[in-house]
Amino acid sequence: MRDAGKPIRGSRTQNSFAAVLGVLVAALFGSPVANASEMSSAIAYLYNSVSIYPPSATSMTVCYGFVCRRREILDFTAGDRNAITQIMAAGRASAAAERAAVQKVVVWFDRRMGPILGTNKRVAKADFRYFDDKHNFDCWDTTRNTTSLLLVLQEWGLLKHHAVGDPKYRGNTLVLQTPHNTAVLVERATKVEWVVDLWPRGYLQPPDVMTVERWVTED
């Protein structure tokens, strides 16, 4: 486990050097799951907006503290990959089974990182009003983390029935619906979009999984 620190924006020369260094690091430790040119702009924005790299086949940046103000690198061990692969194996039979397996992988992630980050003390629907950013995720954190985890599953060939979709946003102040966003899976056969939304749930509770069509009407 590595502390990701906070990237510092520098001069063009510094940024160019960082880009070259990033290529070298990728070559040594595993290239990103997708280059910026291969990602949709909506997914790339999740990482560019907080100056972190996309996940790779071997690691991902875990965001917490609200809008990724705190972050930690999760380096996947052989044990991690074996555990996740076993969970996903139970979902090979159907799209519904795969979504249920993804829920369990997200719970695995919560358990894996909770004691390290302190997010084992987190609460459902946390935001700045709780004055406890160091123990919590906001919905931007859960969207980034879950999308990264889904991209890793995709890279490992563990998603048979789904692909990773663009994050979705909702929020209508006219009907008192608060702003919120979430990670998304797209069912390959039907093209139906499904949210995988951890933010409304507390520690070790399965994330919400429902169609985007239904999710945008929720509060």
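Reader: Hi! I clicked on valine 67 to start with. Is it buried, exposed or partly exposed?
Author: Hi! Valine 67 counts as partly exposed, because its relative accessible area is 42%, and buried would need under 20%, exposed over 50%. Keep in mind as we go that this is a predicted model.

Reader: Good to know. Where is valine 67 found?
Author: Look in the loop between E2 and E3; that is where valine 67 is. Its backbone has a feature to note as well: phi at valine 67 is positive, about 55 degrees, although this residue is not a glycine.

Reader: Which serine has a positive phi although it is not a glycine?
Author: That would be serine 51, with a phi of about 55 degrees. You can find serine 51 in the loop between H2 and E2. At 24% relative accessibility, serine 51 is classed as partly exposed.

Reader: OK, zooming out. How many helices and strands does the protein chain have?
Author: The protein chain has 6 helices and 7 strands. Reading from the N terminus, their order is β-α-α-β-β-α-α-α-β-β-β-β-α.

Reader: And what percentage of the 219 residues is buried?
Author: Buried residues account for 45% of the 219 residues in the chain.

Reader: So what about the inside? How many residues are in the largest nonpolar core?
Author: The largest nonpolar core has 38 residues, and the ones with the most contacts inside it are Phe76, Ile84, Met88, Val102, Phe109, Leu150 and Leu153. At least two core residues come from each of these elements: H2, strand E2 (59-64), H3, helix H4 (95-117), H5 and strand E5 (177-187). H4 gives the largest share, with 8 residues.

Reader: Are phenylalanine 76 and tryptophan 156 buried or exposed?
Author: Phenylalanine 76 and tryptophan 156 are both buried.

Reader: Which ring does the charged end of arginine 99 sit over?
Author: The charged end of arginine 99 sits over the ring of tryptophan 194, at 3.6 Å from the ring centre. There is also arginine 170, whose charged end sits over the ring of tryptophan 215, 4.5 Å from its centre.

Reader: New topic: how many salt bridges does the structure hold?
Author: The structure holds 7 salt bridges. One of them joins the side chains of aspartate 110 and arginine 122, at 2.7 Å from N to O. Aspartate 110 is in helix H4 and arginine 122 is in the loop between H4 and H5, so this pair ties together parts 12 residues apart in sequence. Aspartate 110 and arginine 122 are both buried.

Reader: And what does glutamate 193 meet in a salt bridge?
Author: Glutamate 193 meets lysine 168, with 3.4 Å from N to O. Glutamate 193 is part of strand E6 (residues 193-197) and lysine 168 of strand E4, so the bridge ties together parts 25 residues apart in sequence. Glutamate 193 is partly exposed at 28% relative accessible area, and lysine 168 is partly exposed at 25%.

Reader: Last one! What does arginine 214 form a salt bridge with?
Author: Arginine 214 pairs with glutamate 218, and their closest N and O atoms are 3.4 Å apart. Arginine 214 counts as partly exposed at 48% relative accessibility, and glutamate 218 counts as partly exposed at 29%.

Notes
Residues numbered from 1 in each chain as written. Predicted model: local features only at pLDDT ≥ 70, side-chain atom pairs only at ≥ 80, totals over all residues. Heavy atoms only, no water. Buried < 20%, exposed > 50% of the residue type's maximum accessible area, 1.4 Å probe, protein only. Lys NZ or Arg CZ within 6 Å of the ring centre and 35° of its normal. Core = buried A, V, L, I, M, F, W, Y, C linked by side-chain atoms within 4.5 Å. Helix = DSSP H or I, 4+ residues; strand = E, 2+ residues; numbered from the N terminus. Salt bridge = Lys/Arg side-chain N within 4 Å of Asp/Glu carboxyl O.
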